[in-house]
Amino acid sequence: MLPLKEKDKPIVQKLLSAGCCARCVLRFCCVSVQAAYRQAQHETLKELQTFIMEKENNKVQDSADIKPHDTESSQTVEDPPCKRAKLDPTEAVQSETDDAAMVTLKKEESSVCALCLGILQDLCGPDQAIKIVETVKSQNYEFDTLVLSVSLPAQLCVREHSCWLHVKKEVRQKGLVLDKDDVIQVKEAFKWIMQGLVTKQLEGVAVVSKSPFEVGVEFTHPDTESDCHFLAKCCPDCFKPTKNKQSVFTRMAVVKALEKISDVKFLEHYPCPPSEPSGSCTPQDIQCLHVSVFIAGRYNKFCRSLPQTPWVIDGERRMESSVEELIAAPILSAFRADGFNFSSSGREDVDVRTLGNGRPFAMELLNPHRSRFSKVEMKQVQETINKSSDKIRVRDLQIVTREAMSRMKEGEEEKTKSYTALVWTQKSIENEDISFINDIKDLTLDQKTPLRVLHRRALAIRQRVIHSMNVRFVDSHHFYLGLKTQAGTYIKEFVHGDFGRTKPNLCLLLKTDTDILELDVESVDVDWPPPIPE
Amino acid sequence: CEEKEKYYMKGKLCEDHCILQHSNRLCVVTLAETHPILQDGRAIKSINYQISNGCSRLNNKVSGKSKRGAQFLTDFAPLCRIMCSDDTEYTIYSCIRGRLLEVNENILETPNLLLEKPSTEGYIAVILPKFEESKSITENLLTREEFEAVVSKRSLSQPP
């Protein structure tokens, strides 16, 4: 028994004769009882036709009394009464509707709904649920719940608007108001029907409104795509051309234009009610997407010929492998993810080693097919990375939240770092010549953007502080220089002076030409991510 | 740093320049060791980046990664004029096309840098050639071997 009122009759009648399916009629009557949509279409249609053929004295309720006294068990969730209905007692609908209803019956059985283009007809039922579940199972995701996301062709909005105008005329004549926002959306009705069916097929996995695992259903209707085009002429400012050559008629743009366009203008360009479509929508491939998972850790780099990111010029790889690829490979495979975004708290050059506790890094794993890992399992993934190569080492590997990523970038700007450099001097030195360096504290440098990065960075002067240094004599032309510096200090340029563009520099301090032969990062002083005991 | 040297010889007066190009395509303009300024114990009286009434290389203001606002130089664009203690004056040229990123202001304060360290702290200017031209701009310049060949011919042809 459908929760329809007397005032709904003209709406039902108009929509059925306009070629709308039973469920779309329910939507326009603002029926929010989910079960009404779940029952078989032909049942709903029959009930609707019976309803409009009822004479006025068969009516049970006074239209002014809205609150439903539900005796039916089928009524589950009912929205609170809408503000829309301003009622006048109406005259009974005349019997001319009887003939119209009969005509509609014939049409309805074979035709595609002019409103939902078949989506609420044959495109939502147990068959579709089976197809969805088959796809999900074949892609082998690990999940407890899923959320159904539905993508509908933009022209449905135009058709909806047209039907609303069609009904508005009629409804206003009877002194009623139908607010467009109270009409149940196609998307909602579709989900009410499909969620339960999918849950049943998945043997209990709940289909909910929010889940890290999203199953996307998309429909297209190429035949009616041009339905939207007139809006571009009438409301050109709603449709900005996009950089990617995708259609400019997005759902959002179409909705915006429909809000702006006057009824008169709309009716000039678009039929009301909308024309009968030649076929149903075409369902696209079902897309599964799991929300990203974030992994953090610290890495050591023991190799002096390993870039952090893949080094490719003109499609040709210049150096084998990279820090991020060596770390990502075992993780991608364990989490069965499609891809990753790697970032770290600063970077070192290809020829620089990272020693000590290592440098913090974080990775976003895209579309992981597996997302739950115990501490033990994470340790195993870490072991796999460490066994795979002697060029790098990873520690403290753990799953973190998206918000945690910002903790890592903190380190890049704010925290201190320690280094050891092997320095060559042109002039001959003795231990006494360099020991004064041990006493230098908080030396402020003015560093112009180094020439070696000036092609891709802005020209600027940076002030950076070297907090302390220590020296270890090697021979008459070599010594080790330890430094503790502010984040962002260019060490190499401090040593060789960069054509005098970093001042002061070691050449000036030692009064000789110097160069840097080797550099190691000893520590990156960021206390994130939290250490994981071995 | 990987830097290659290329040489540019201007005119008969042996006003030789040496362009150092980094593997990232940036070029540093310096005086070659054969340049007259570096000969015969000359001292520098003044260095002037004002090359005309309307143009001073010191006014070069560069902003952003794409180095907007940089003065664009052709091969023959003058960078600065150097007056020596014996009243000889020399113009230093760009030698390559590109955006002027910076001129060396350290040599204004300490002209001796130019004499003592012409290939490092005494550099004249830094120029960024267009990406498409980064390889071709130095093709017209001489390699070290070619340069040395010309220099030795020069000293042979000079009267004793």
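How many residues does the contact take from chain B and from chain A? The contact takes 20 residues from chain B and 15 residues from chain A, where contact means heavy atoms within 4.5 Å.

The model is predicted, so local features need pLDDT of at least 70 and side-chain atom pairs count only at pLDDT 80 or more, while totals for chains, interfaces and linings use all residues. Residues are numbered from 1 along each chain as its sequence is written, chains are lettered from A in the order in which they are written, and side-chain values use heavy atoms, without hydrogens and water.

The size of an interface is often given as the accessible area lost when the parts come together. Here about 1600 Å² is buried between chain B and chain A, and carbon and sulfur atoms give 57% of it. This area is what two parts lose on being put together (1.4 Å probe), summed over both. N24(B), E102(B) and E121(B) supply 26% of the area that chain B buries against chain A, more than any other three residues.

Three salt bridges are found across the interface of chain B and chain A. Each is a side-chain nitrogen of Lys or Arg within 4 Å of a carboxyl oxygen of Asp or Glu. R501(A) and E102(B) form a salt bridge through their side chains, at 2.6 Å from N to O. On the side of chain B that touches chain A, strands β2 (15–22), β10 (98–103) and β11 (125–128) each supply at least two residues. Strands are DSSP runs of E, at least two residues, and helices are runs of H or I, at least four, numbered from the N terminus.

Chain A has 17 helices and 17 strands. Of its 534 residues, 49% are buried, meaning under 20% relative accessible area, with exposed over 50% and partly exposed in between (1.4 Å probe, protein chains only). Among contacts in chain A between residues at least 6 apart in sequence, 79% join residues at least 24 apart.

The largest nonpolar core has 84 residues. Such a core is a set of buried Ala, Val, Leu, Ile, Met, Phe, Trp, Tyr and Cys residues joined through side-chain atoms within 4.5 Å. Helix α7 (residues 155–173) of chain A gives the most to this core, with eight residues. I119(A), L120(A) and V254(A) have the most contacts inside the core. Beyond its neighbours within four places in sequence, I119(A) touches residues including C124(A), L156(A), F190(A) and C281(A). Another core, of 34 residues, lies apart and includes V352(A) and Y419(A).
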